[in-house]
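This briefing covers pockets and a surface patch. Please look at the sequence and the structure before reading on.

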Amino acid sequence: MSLPPRSDRAEIRSGWGLDSIVSALSQASTDPHPHHLLSDQFYPLPSRESLGAILHGLRSVLFPRHFGDPELSAETTHYFIGNTLDKTLNLLSEQIRRELWLQHLTQGTPESAPAVLSHRASELTQAFAQALPEIKRLLDSDVNAAYLGDPAAQSISEILFCYPGITAITFHRLAHRLYQLGLPLLARITAEVSHSETGIDIHPGAAIGGSFFIDHGTGVVIGETCVIGDRVRIYQAVTLGAKSFPRDETGALIKGQARHPVIEDDVVIYAGATLLGRITVGRGSTIGGNVWLTRNVPPGSFISQAQIRSENFESGGGI
């Protein structure tokens, strides 16, 4: 949208009495380290809109027949992937450069010269690109797990187009790689784009093994330090969260500590279950619906809501 001539803009300000409001809004900031105050030169922040476009570009590269051009042939697929990936990685490199600059301003990281930042952004973009074949391999195992694990699934195409859990894990695996590369802001933006589209909230720090299936998915929450093994299946409204938040001597939260569950291989967690704290759910266990769990579970266990109530009653904790 083009701006009106300067004279008209002055009249608009005068008519609404905006000068004091604009001044107040220009000074207000919820960021304790606003980027425009830390540098003599304005530098743009990462763009959520650009990250959304990058994510969808990457998904079309990972699944070109479904999210690229449905009329691709064997001959044109190679060209489509190469061309789309080149454009998408160029966009990603710019977003990485912006986060690197922001890290320099807020954390005092060294070597902030534009050429240095651009070179580092290119290195990180290349490292991200090198991970795409492994991400594709993991996603293929996730799609297959969904097909094998849901009797309602009629085809792989249905799963890719219609299952929010597959969209969420696709975006998570991309976000997790950004997180591993030391780009936490881009990773979190990526996770929130996914959250907005699917209703599934996975922190990019969560480490998730292959053949992972989220059935239905709405309301699932997976915390930052979760570790999830292979062939795990979870249902809607499951929470893998923290039980408490340790603080230092000043009362400030201590960040980065492991505080979320470890889910070993071949575990099933049914709808509405809440698992809190750094507990371990042993391999091959099943956690029933609506269970509230804050203790370790041995391998091969079956934990039901009725069992938890009985244990509480026998220990004198009531029901």
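Patches are made of residues with over 30% relative accessible area and no salt bridge, with like charges joined within 9 Å and nonpolar side chains (Val, Leu, Ile, Met, Phe, Trp, Tyr) within 5 Å. A salt bridge is a side-chain nitrogen of Lys or Arg within 4 Å of a carboxyl oxygen of Asp or Glu. Accessible areas come from the Shrake-Rupley method with a 1.4 Å probe, and for residues only the protein chains shown count as cover. The model is predicted: local features need pLDDT of at least 70, side-chain atom pairs count only at pLDDT 80 or more, and totals for chains, interfaces and linings use all residues. Residues are numbered from 1 along each chain as its sequence is written, and side-chain values use heavy atoms, with hydrogens and water left out.

**Surface patch**
- A nonpolar surface patch consists of Tyr147, Leu148 and Ile156, which together have about 290 Å² of accessible area.
- Tyr147 lies in helix H7.
- Tyr147 counts as partly exposed because its relative accessibility is 35%, between the limits for buried (under 20%) and exposed (over 50%).

**Largest pocket**
- The largest pocket (an open set of points on a 1 Å grid with protein on both sides within 12 Å along at least five of seven lines; lining residues have an atom within 4 Å of a point) has a volume of about 270 Å³, the space filled by probe spheres set on the points.
- Its lining residues include Tyr179, Arg188, His203, Glu224 and Lys255.

**Second largest pocket**
- The second largest pocket holds about 200 Å³ of space.
- Among its lining residues are Glu134, His172, Arg173 and Ile208.

Key:
1 Å grid on protein atoms, 1.4 Å probe; cavity = no way out; pocket = protein on both sides within 12 Å on 5 of 7 lines; lining within 4 Å. Helix = DSSP H or I, 4+ residues; strand = E, 2+ residues; numbered from the N terminus. Buried < 20%, exposed > 50% of the residue type's maximum accessible area, 1.4 Å probe, protein only.
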